[in-house]
Amino acid sequence: MAESEEGSSTREHQLTMMEEVAKLVLPEGFNAEELGKTDPKMFQQTADIAHQFGVIKEKADVDEAFTNEIFEMATK
């Protein structure tokens, strides 16, 4: 609140916005222990859509595109 323009917001409004963002970060039913882990099926779905609409020129190879190595190291 100290950094916002005076009169531009209220504490209650800021709290409501944070609560709504939290729902996007950890939606109902999501396992919080999986936060930060990339789901290969969801990655492939996103990559296929990006390819279909010309966002990327070549189909993505999930096995080459990313690794969950850091996530796995951090959760040991």
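Biologist: How many aromatic pairs does the structure hold?

Modeller: One. This is a predicted model, where local features need pLDDT of at least 70, side-chain atom pairs count only at pLDDT 80 or more, and totals for chains, interfaces and linings use all residues. Residues are numbered from 1 along each chain as its sequence is written, and side-chain values use heavy atoms, with hydrogens and water left out.

Biologist: What makes Phe-43 and Phe-66 a pair, and why is the pair called tilted?

Modeller: Rings of Phe, Tyr and Trp (its six-membered ring) pair if their centres lie within 6.5 Å; planes under 30 degrees apart count as stacked, over 60 as edge-to-face and the rest as tilted. The centres of Phe-43 and Phe-66 are 4.9 Å apart and the planes sit at 45 degrees, so tilted it is.

Biologist: Which parts does that pair tie together?

Modeller: Phe-43 is in helix H2 and Phe-66 in the loop between H3 and H4, so parts 23 residues apart in sequence get tied together. Helices here are DSSP runs (H or I, at least four residues), as are strands (E, at least two), numbered from the N terminus.

Biologist: Is Phe-43 called buried, exposed or partly exposed, and why?

Modeller: Buried means under 20% relative accessible area, exposed over 50%, partly exposed in between (1.4 Å probe, protein chains only). Phe-43 has 27%, so it's partly exposed.

Biologist: And Ala-50, why is that one buried or exposed?

Modeller: Ala-50 has 16% relative accessibility, so it counts as buried. Ala-50 is in helix H2 too, and it touches Val-55 and Ile-56, not counting residues up to four places away in sequence. Contact here means heavy atoms within 4.5 Å.

Biologist: How do you know that the length of H2 agrees with its residue count?

Modeller: The expected span is 1.5 Å times one less than the number of residues. For the 13 residues of H2 (residues 40–52) that gives 18 Å, and the end C-alpha atoms are 18 Å apart, so the two agree.

Biologist: What caps the N-terminal end of H2?

Modeller: Asp-39, with a side-chain oxygen 2.8 Å from the backbone nitrogen of Lys-41. Just after H2, Gly-54 takes a positive phi of about 80 degrees.

Biologist: What about Asn-68: where is it, and why is it called buried or exposed?

Modeller: Asn-68 is in the loop between helix H3 (62–65) and helix H4 (69–74). Its relative accessible area is 12%, so Asn-68 is buried. Asn-68 touches Lys-37 and Thr-38, leaving out residues up to four places away in sequence.

Biologist: Which polar atoms lie 2.9 Å apart there?

Modeller: The backbone nitrogen of Thr-38 and a polar atom of the Asn-68 side chain.

Biologist: What joins the side chains of Ser-9 and Gln-14?

Modeller: A polar contact of 2.9 Å. That term means a pair of N or O atoms within 3.5 Å; within protein, one must be able to donate a hydrogen and the other to accept it, and residues adjacent in sequence count only if both atoms are side-chain atoms. Ser-9 lies before helix H1 (11–25) and, at 18% relative accessibility, counts as buried.

Biologist: How many helices and strands does the protein chain have?

Modeller: Four helices and zero strands.

Biologist: How do you know whether the chain is spread out or compact?

Modeller: The globule rule is 2.2 Å times the number of residues to the power 0.38, and the radius of gyration is taken over C-alpha atoms. For 76 residues the rule gives 11 Å, while the chain has 19 Å, well over that, so it's more spread out than a compact globule. Of the 76 residues, 8% count as buried.
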